[in-house]
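Q: Please take a close look at one part of this fold, starting from a single pair of facing residues. Then set that part against the rest of the chain.

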Amino acid sequence: MSTPISGFSKLSKSQKISWLAENYFNDPQAGIAVLEQYWNSDTKLQQLHDEFIENTLTNYYLPLGIAPNFSINDKLYAIPMAIEESSVVAAASNAAKFWLDKGGFKASIISTLKNGQVHLNFYGDAKRLQQFFEQVKPTLLKDCEQITANMRKRGGGIISLELRDKTAELDGYYQLHATFETLDAMGANFINSCLEQFATSLLREASNSDLILEQDRLEVVMSILSNYVPECIVKAEVSCPLDQLAQAGMSGQEFATKFVRAVQIAQTEVRRAVTHNKGIMNGIDAVVLATGNDFRAVEAGVHAYASKNGHYGSLTHAKIEDDNFHFWIEIPLAIGTVGGLTKLHPLVRLCFEMLGNPGAKELMQIMAVAGLAQNFAALRSLTTTGIQKGHMKMHLMNILNQLEATPQEKEAAVEHFKANTVSHAAAVAFLESLRP
Ligand code: MEV
């Protein structure tokens, strides 16, 4: 059992690793070797990565793949995806190819506003607080001018600031609710800086105002952006005549009817909805990661949006209308193409280059399409052949690697399992049959 350590962050990288190895590794030398195996030989690049976070020991690899052939608003993209799950890139590529000759994906931006709150306690007369807020609002906005100068120059900035009375939900709870246009930036630092300035200015003005009394107990609890962004919405869609959907022994009408039913089930049943939306996020998160964006923020916001009607449901929608199949997604995505890791991480920079250096609006569209494509691929499998056939085919390589198959054995196994069902046991038996 190790003892607590103080001043850990001040140790050098090798001291941290030694401490860790001594206290937590079964075989310290072997553990250290694994960590070092992932260091980059380019020391400058390694230092860049070391400095992304505190207490860095090594790098954690995820595969970076591409899904080519995505036609989005008639422009062709190869979409970079960083993900560990075997079948995701293959599924995205299949969906891209499927829709390529059916008009491709269409995408549009519905809105781009972000928001944040200064959360307040106030136990006095609500009308007095409102009057005070109206009086000091211009000062609050003026005090932010330095922070917002650059953003305003580019056409963004603070869009609105209002006082919201939340006392019906929580005694004494009010908030300054602000909305922002942050253009190509995700804008977290910008928004939080503005909110903290609002809070400081509000308290300063309150201490000089007759409208705020000691017994009101005005207090700033916290100032922080919201990752719930229902005013930052992108839509992606596909559609085609039913007869173009015939497959797996089903007519286009039969396939589309079953597909629409699958979406309705995800709209109704939370147990299905969570898995359905998880599949959508397979596509979105992979692009969010590849482009150095904050996948936790995106995840949190998306799932809250999926429950916006008080009931968690599908993020995608489907219908049949006039012999046409329509399938679409509307999703909140607060992401950026400047700031954060976007210009700092060489691979992220390259991913942007692959995508033609999109701005935030275009990247939102690409991400939404990746989510829709992933959901299409999943539902297409689920409603026809089932998911395991494709999944296990893709997972085969992981099993073979676990069993330390040679390149020749892998080749033979891939050929063999084209016609046979993949399972761990079947792979073991097949390798045994090859080995003397
Ligand atoms: C697996 O990662 C994702 C799926 O389960 C999604 C779905 O069920 O729709 C295949």
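A: I320 stands opposite F325 in β10. This is a predicted model, in which local features need pLDDT of at least 70 and side-chain atom pairs count only at pLDDT 80 or more, while totals for chains, interfaces and linings use all residues. Residues are numbered from 1 along each chain as its sequence is written, and side-chain values use heavy atoms, leaving out hydrogens and water.

β9 is joined to β10 (residues 324-332) by six bridges, and the two run antiparallel. Strands are DSSP runs of E with at least two residues, helices are runs of H or I with at least four, and both are numbered from the N terminus; two strands pair if DSSP finds at least two bridges between them.

The sheet is open and has four strands in the order β3-β8-β10-β9, paired antiparallel. Its edges are β3 (106-109) and β9 (316-321); each has a single partner strand, so one side of each is left without a neighbour in the sheet. On average, neighbouring strands here are turned by 20° against each other, direction ignored. Helix α10 (residues 295-306) packs on this sheet, where it touches β8 (233-241) and β10, and its direction makes about 120° with that of β10. Such angles run from 0 to 180 degrees between N-to-C directions of lines fitted to C-alpha atoms, for helices over the stretch in contact; contact means heavy atoms within 4.5 Å.

A368 lies in helix α12 (residues 360-382). A368 touches V234, A236, I329, I331 and L333, with residues up to four places away in sequence not counted. Its relative accessibility is 0%, so A368 counts as buried (under 20% relative accessible area, with exposed over 50% and partly exposed in between; 1.4 Å probe, protein chains only). From A368 to T3 the C-alpha distance is 47 Å, across 365 residues of sequence.

A second open sheet of four strands, with antiparallel pairing, has the order β5-β6-β4-β7. Here β5 (157-165) and β7 (219-226) are the edges. Neighbouring strands of this sheet are turned by 15° on average, direction ignored. Eight bridges pair β4 with β6 (residues 173-181) in the antiparallel sense, and H119 has Q175 in β6 as its bridge partner. Helix α5 (residues 126-143) packs on this sheet, touching β5 and β6, at about 165° to the direction of β5. N121 belongs to β4 (residues 114-121) and is buried, at 18% relative accessible area. Leaving aside residues up to four places away in sequence, N121 touches G172, R217, L218, E219 and V221.

Around the ligand are E85, R272, T275, H276, K278, G279, N282, A378, L382 and I387, each with a heavy atom within 4 Å of the molecule. An N or O atom in the side chain of E85 is 2.5 Å from a ligand oxygen atom. Polar side-chain atoms also lie 2.7 Å from a ligand oxygen in the case of R272 and 2.6 Å in the case of K278; pairs of N or O atoms within 3.5 Å count as polar contacts. On its own the ligand has 300 Å² of accessible area, and the protein covers 86% of it (Shrake-Rupley method, 1.4 Å probe).

The protein chain as a whole has 15 helices and ten strands. Of its 436 residues, 44% count as buried. Among contacts with a separation of 6 or more, 70% join residues 24 or more positions apart.

Conventions: Polar contact = N/O pair within 3.5 Å; in protein donor to acceptor, adjacent residues only side chain to side chain.
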